[in-house]
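Please look over the sequence and the structure before reading on.

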Amino acid sequence: MKIAFIGLGNMGSGMAANLVKNGHEVAAFDLSADALETAQANGIATYGTVREAVEGMDAVVSMLPNGDIVKSVYTGSVIGHAPRSAVLIDCSTIDVETCRTVIAKATDAGHDMVDAPVSGGIAAANGGTLTFMVGGTQEACERARPVLEAMGKAVIRAGDAGAGQAAKICNNMLLGIQMIGTCEAFKLAERLGLDAQNFYDIASVSSGQCWSMTSYCPVPGVGPQSPSDNDYDGGFATNLMLKDLRLAMAAAKSAESATPMGERAKELFEDHDADGNGGKDFSSIIRRL
Ligand code: NAD
């Protein structure tokens, strides 16, 4: 397929390279000259504008920082410029409302469009092992599937337009809360005189078991290799967790859903970010407990 890729940052760069590896012809645009240079080295044709990149394409994929940018790129340069037959796939993490507005505009213009945010970080983007949570009509999701499968290990339809974003922020709200709970449990165990490894051995086969403990333990030297073993560098940055918790709280407000633990998790990550830990892995929040 001929695929345009917009947004070649930490995530998009590896995702676009995986499309090439899977035999697709990729045309790309990014505001950053460095990103375009890396893309060229990965066999991607680069263009000076979004409009040029999307011309004559079968699909358009985007991986951009936020909803305002997604809206301006799609309404200004993709819708009405990509062929009407092109399937449009936004993989960015953005708010549900903006997502639905953009998809409605694309649908009015005759496109199939889905939201397809991801679970998995830069390593999964580079390795082609992302999980995509997809929102859109059944038909649009099936058209997007082969493109997404070239970049990930799982493609799951969550429902209609915006449902992918909804699934993503609910999952990440749970992750943020769960990580803080795991950190609190290990700190309390320490104060009560328990050995961290011993507590891990017990809790990881007991009812407190969870991903934040057994796959991503916030205590260095305990459990499988994780960012805590690398001074909390790499992994999933505090500022990205905070972005997702803010999106989740905005969605909870508009849906009038009670999320007291999500709210508290957002406040704690806000404090952690304000203290200069935005670039550190989110499990580093254990240091402030
Ligand atoms: P990033 O900042 O590294 O990349 C964004 C890219 O978009 C940059 O290269 C930037 O130059 C480009 N860009 C910005 N405005 C543009 C425009 N108008 N036209 C074209 N290009 C433009 O961000 P990232 O870490 O790659 O994240 C991208 C998205 O993926 C975000 O929505 C983020 O929340 C989500 N996400 C990130 C991770 C992660 O671990 N980094 C994990 C899951 C989801």
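Helix 8 (residues 163-191) and helix 9 (residues 196-203) have axes that come within 10 Å and cross at roughly 130°. The model is predicted: local features need pLDDT of at least 70, side-chain atom pairs count only at pLDDT 80 or more, and totals for chains, interfaces and linings use all residues. Residues are numbered from 1 along each chain as its sequence is written, and side-chain values use heavy atoms, with hydrogens and water left out.

**Terms for helices**

- Helices are DSSP runs (H or I, at least four residues), numbered from the N terminus.
- Axes are lines fitted to C-alpha atoms, for helices over the stretch in contact, and angles run from 0 to 180 degrees between N-to-C directions.

**Helix 8 with helix 9**

- Helix 8 and helix 9 are therefore oblique to each other; angles under 35 degrees count as roughly parallel, over 145 as roughly antiparallel, 65 to 115 as roughly perpendicular, and the rest as oblique.
- Ala185, Phe186 and Ala189 of helix 8 are in contact with Ala196, Phe199 and Tyr200 of helix 9, where contact means heavy atoms within 4.5 Å.
- This contact of helix 8 with helix 9 has six nonpolar residues, no polar and no charged ones (Ala, Val, Leu, Ile, Met, Phe, Trp, Tyr, Cys and Pro count as nonpolar, Asp, Glu, Lys and Arg as charged, and the others, Gly among them, as polar).

**Helix 8 with helix 12**

- The axes of helix 8 and helix 12 (residues 260-277) come within 9 Å and cross at roughly 70°, which means that helix 8 is roughly perpendicular to helix 12.
- Helix 8 passes helix 12 in a left-handed crossing.
- Helix 8 contributes Met173, Gly176, Ile177 and Ile180 to the contact, and helix 12 contributes Met261, Gly262, Ala265, Leu268 and Phe269.
- By class, seven residues of the contact of helix 8 with helix 12 are nonpolar, two are polar and none is charged.

**Helix 4 with helix 5**

- Helix 4 (residues 67-78) and helix 5 (residues 96-108) pack at an angle of about 5°, with axes 10 Å apart, and are therefore roughly parallel.
- Gly67, Lys71, Tyr74 and Thr75 of helix 4 make the contact with Thr98, Thr101, Val102 and Lys105 of helix 5.
- The contact of helix 4 with helix 5 has two nonpolar, four polar and two charged residues.

**The two domains**

- The domain assignment gives domain 1 (2-160) and domain 2 (166-288); such bounds come from an automatic or database assignment.
- Nine residues of domain 1 are in contact with seven of domain 2.

Conventions. Helices (H or I, at least four residues) and strands (E, at least two) are DSSP runs, numbered from the N terminus. A crossing is left-handed if the near helix is turned anticlockwise from the far one by less than a right angle, and right-handed if clockwise.
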